[in-house]
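Please view the sequence and the model together.

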Amino acid sequence: MRKSILSATIIAIAALPCVAQAAHRVPGQWEVTTQMHFVQGGIQIPPEVMAQMKARGIKMPDFGTPHTFKHCLTTEEAARDEHPDFSQEKNCTSQNAKWSGDHFHADITCGGNDGTRHGVIDGSIGSGGKSYAGTFRMEGDDPHMGGHFVMQGQSSGKWVGPTCAKDAS
């Protein structure tokens, strides 16, 4: 599987919960739900590569199904006014990343051998820092994504309490 396939997927999955990674949120245990889907195109994996992945125990995410997980937001993390971090993906940058009150917006550009992909992240904090909701959209051209692709997603989070569970990330 090529890096370009993973880069768009990783950015989409990682960016949604990061929309609210800022001083706007209350520290403690959070429950986060994310969901993505392809409006056009989708990951194109040849059958022989899919068989190799399956033999190695590698599963592709089910993009149409919501994924819910717990996240422990530390006091230190909550104190920082962060924007989504794309440093893990060296071919991606964000422009116009800013908070305006309880709303966050960023434009994303990712480049590589397979062309340029553009995206937008929007999110809002509510309930005095105890909830958030955000959306994500990325599109571009990549033969491994069925040619022209459009991927959309949403994320929401709610504060569960001040004490984090031991198994939360």
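## Basis of the model

The model is predicted: local features need pLDDT of at least 70, side-chain atom pairs count only at pLDDT 80 or more, and totals for chains, interfaces and linings use all residues. Residues are numbered from 1 along each chain as its sequence is written, and side-chain values use heavy atoms, with hydrogens and water left out.

## Overall make-up

The protein contains three helices and seven strands. Here helices (H or I, at least four residues) and strands (E, at least two) are DSSP runs, numbered from the N terminus. Along the sequence their order is α-β-α-β-α-β-β-β-β-β.

The protein has 169 residues, of which 38% count as buried. Buried means under 20% relative accessible area, exposed over 50%, and partly exposed in between, with a 1.4 Å probe and protein chains only. The protein exposes about 8,800 Å², and carbon and sulfur atoms supply 53% of this area; accessible areas come from the Shrake-Rupley method with a 1.4 Å probe, and for residues only the protein chains shown count as cover. Among contacts (heavy atoms within 4.5 Å) with a separation of 6 or more, 64% are between residues 24 or more positions apart.

## Aromatic pairs

Two aromatic pairs are found in a search of the whole structure. W30 and Y132 form a tilted pair, with 5.8 Å centre to centre and 45 degrees between the planes. This pair links distant parts of the chain, since W30 lies in strand 1 (residues 28-40) and Y132 in strand 6 (residues 131-142), 102 residues apart. W30 is buried, with a relative accessible area of 0%, and Y132 also counts as buried, at 4%.

The rings of W99 and F104 have centres 5.4 Å apart and planes at 55 degrees, so this pair is tilted. Rings of Phe, Tyr and Trp (its six-membered ring) pair if their centres lie within 6.5 Å; planes under 30 degrees apart count as stacked, over 60 as edge-to-face and the rest as tilted. Both W99 and F104 are buried.

## Backbone angles

Two residues with positive phi are described here. N96, a residue other than glycine, has a positive phi near 55 degrees. N96 belongs to strand 3 (residues 92-100) and counts as exposed, at 52% relative accessibility.

S127 is not a glycine either, yet its phi is positive, about 50 degrees. S127 is located in the loop between strand 5 (117-126) and strand 6; at 57% relative accessibility, S127 counts as exposed.
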